[in-house]
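Let's take a walk through this structure together. Have a look at it first, and then we'll go piece by piece.

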Amino acid sequence: MTLRYIDQEFDGQPIDTAAVQPSISSDARSLLRTRTAGASLAGALGSAVVNEAHVQYAGVRDEEASSLHRLRRSCGRMAASWRKPARACAAHTRSERDACRAGDSLSWVTGGHSVKSGGDILRDRNKTRFGVRTTAVFQTIGAFAAGVPDAVTQTPLTDTLNADVTQYAAFLQDAWRATTALTVDLGVRADYQDLGGGIARDRNNWAPRVGVAFAPGERRSVWRAAYGLFYGSTPALIPAFARGFSNIVVDSSFETPRVHQASAGWEWEKYRVGSMGIDYLFARGEGLPCAIDVNGGGAFAATGRVVSFQSTGQST
């Protein structure tokens, strides 16, 4: 059994030694506290079965506050790099995160099979609150250097932005020694995300995996090939933004991103001489999230930018 706990806290003002100070908030007073804990337990159930269980927790509190009295000092340091009307901002931001993960797996050996199955649950809760944001505009270098703004605008206090997610996963895999020269690996994994609304639920994320290894004759050379489908995680901020801002939407066909991965290789080894080999790896991403401005042609009257999150991205 293993236990671990870490508690860290930072309370103070960051030190920025750069000659150019681009942001008021970068020298604001901050309070950051992180707490992490974990426990794991492994044990044998009989002569052929091994059980492994684990649980983890992470808590983060991050708060930063800046005020306009820092304008004079910050702008004085930026005056040497001034080229055009400049802006400086002051804001109060607070974010909190509480995440807990728990999982369990069973492994057992029978005949030529080595089987493993298990599951995992992640509960992740995130809250961010943006305070009043004050923006100061400087039209001349004199006003900029003196820290006396020509105009000041304020954005009112916003509501708390919740980016919550609960993830579930389960898997089953088998390493089968078919013959003395052939090993076959088979497996399947299921993933599911509950993002608390604002996005369609994708319930068919079944990911098969298969691999073979063949070492004929004296087994000085081995041939390997494998294929697997892997599902990613949709960032919880996507539905959170859609719930919090009227000009952000999630497309009705949005789905979980996935990656197809295949590999093949050959390796030859000679005793006390060395080894050589060649490998090939292919990967293709599908359904990757993309933010697209769907109001580029002014389709929505009296509205500026409208961002739609879509699953149209691809990668190879």
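In which sense do strand 14 and strand 17 pair, and over how many bridges? They pair in the parallel sense, over three bridges. Before going on, a word on the ground rules: this is a predicted model, where local features need pLDDT of at least 70, side-chain atom pairs count only at pLDDT 80 or more, and totals for chains, interfaces and linings use all residues. Residues are numbered from 1 along each chain as its sequence is written, and side-chain values use heavy atoms, with hydrogens and water left out.

Strands here (E, at least two residues) and helices (H or I, at least four) are DSSP runs numbered from the N terminus, and two strands count as paired if DSSP finds at least two bridges between them. Back at strand 17, V307 is the bridge partner of I248. Strand 17 also pairs with strand 16 (residues 274–293), this time antiparallel and through six bridges; there, I292 has S308 as its bridge partner.

Take I238: leaving out residues up to four places away in sequence, I238 touches V250, F254, P289 and F309, where contact means heavy atoms within 4.5 Å.

Elsewhere, strand 10 (residues 165–177) runs antiparallel to strand 6 (residues 113–130), joined by twelve bridges, with L122 opposite Q167. Twelve bridges also link strand 10 to strand 11 (residues 182–194), again antiparallel.

One last stop is N51, in strand 3 (residues 49–65). A polar atom of the N51 side chain lies 3.2 Å from the backbone oxygen of S105. Beyond its neighbours within four places in sequence, N51 is in contact with several residues, among them L41, D104 and L106.

Conventions:
A polar contact is a pair of N or O atoms within 3.5 Å; within protein, one must be able to donate a hydrogen and the other to accept it, and residues adjacent in sequence count only if both atoms are side-chain atoms.
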